Amino acid sequence: MIVKSIALIVTIASFSVPAAALKSPSPGDTYALIVTGIGKDPEDRLARDQIVRDFRAYLLEKVAVRPNRLTVLVPGADAAGASTADRIAETIHTYASAMSPADRFVFYYTGQANVVGDTLRFNLPGPDVTQEELARWLAGAQAGTQLVVLDCPYAAAAAKALARPGRVVVLASTEKQAYSPRFGMHFVPALARAESDTNHDGNVSVLEAFTATAREIEQWYQQRQLLPTETPSIEDNSDGRPVERPWRYEQDGGDGRLAAGLVLAWVKP
Ligand SMILES: [Ca+2]
Ligand SMILES: [Ca+2]
C-alpha cells in the first residue's frame, strides 16, 4: 500500500513539472539561502544590499527557484528574516530535510568576517557563526550539486572546512586579505550576462562568471593604480586547497572542472 502510494506520487510529480523547471539545466530543484552579515560602513552596506537584490532576482527570474525555496536573511530584519545564527541553521535544516541528491543548493554569504586563530567567523547580529558551524549545518544538505559563495574578507580561510565532493566553493579573498571585497558586484551581474558565455554553449557556468569577475577585478585595481586587496579563488575538487586560476583546470589538473559544469540557468531560454 505504501509502495503504491509512493509510486503514485512519483508518477504525478513527473507529470506536473512546471514549464520553468523544464528549461532548467538541472532535473532537480534548486534551494537557495542568501545571508548578509553586519557592516559598519554605510557605503559597503548599500553595495551588499544591491548584490543581494540582484542575486535574488537572478535566482527567481533566471534560475526559476520557487519563492518558498529561496530565503534572504539580513541584519535588522524581524525575527524570521534576521541573519542570526539560529535562523541560518534553521533555514538550512528545513531545506536539507526536503532535498534529494538530484537537487541543487546555493548558499551565498556577503558581509564582514574575521579570523580568530585559523577559524573564519561570519559577523552576524548576535553570536558570530564559525566556519565549522556552517560546515556542520551544510553537511546535512543532500543536494548533489552545491554552490557556496563566501563574498567576505579572509574567505579562503574556510576552504578546507567547507570542501566536499559535489560542492563548488567560491572564495572572494585569500585567508590574509582583510578588506571588504568587490567580488559580488562583478560576480552576480556576470552570472546573468550573456557575454560571460565565452565558450558559446548557450549558458554561463559558475566558472565562466568567476573568470569574468577575476578579470574585471584585476582591471578595476589596475585602472586606479591600486594594489589589489582581493584575490578570488575556487575550491571544487574537495581537497580543501583553492586555486586562483581555475580556468586553467585542464592544463593544471586542479580546481575548476566542477565549476565549469555548474550552470544555474540557461542564458537563452
Ligand atoms: Ca558557457
Ligand atoms: Ca582544491
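Residues are numbered from 1 along each chain as its sequence is written, and chains are lettered from A and ligands numbered from 1 in the order in which they are written. As the model is predicted, local features need pLDDT of at least 70 and side-chain atom pairs count only at pLDDT 80 or more, whereas totals for chains, interfaces and linings use all residues.

**Exercise 1.** State how confident the prediction is, and where pLDDT stays under 50.

*Solution.* pLDDT is the predictor's confidence in each residue, from 0 to 100. The chain averages 91, and 90% of the residues score at least 70. Over residues 1–23 the value stays under 50. For that stretch the model has 6 contacts (C-beta atoms, placed from the backbone, within 7 Å) beyond four places in sequence.

**Exercise 2.** Determine the strand order of the open sheet of 6 strands, and explain why β2 and β10 each have a side without a neighbour.

*Solution.* Strands are DSSP runs of E, at least two residues, and helices runs of H or I, at least four, numbered from the N terminus; strands pair if DSSP finds at least two bridges between them. The order is β2-β1-β3-β7-β8-β10, with mixed pairing. β2 (70–73) and β10 (233–235) each have a single partner strand, so one side of each lacks a neighbour in the sheet. Within this sheet, β3 (104–110) runs parallel to β7 (145–151), joined by 7 bridges; T110 has D151 as its bridge partner in β7.

**Exercise 3.** Describe the open sheet of 3 strands.

*Solution.* Its order is β4-β5-β6, with antiparallel pairing. β4 (113–116) and β6 (129–130) are the edge strands. Two bridges are found between β5 (119–122) and β6, and F122 has V129 as its bridge partner in β6.

Conventions. Two residues are in contact if their C-beta atoms, placed from the backbone, lie within 7 Å.
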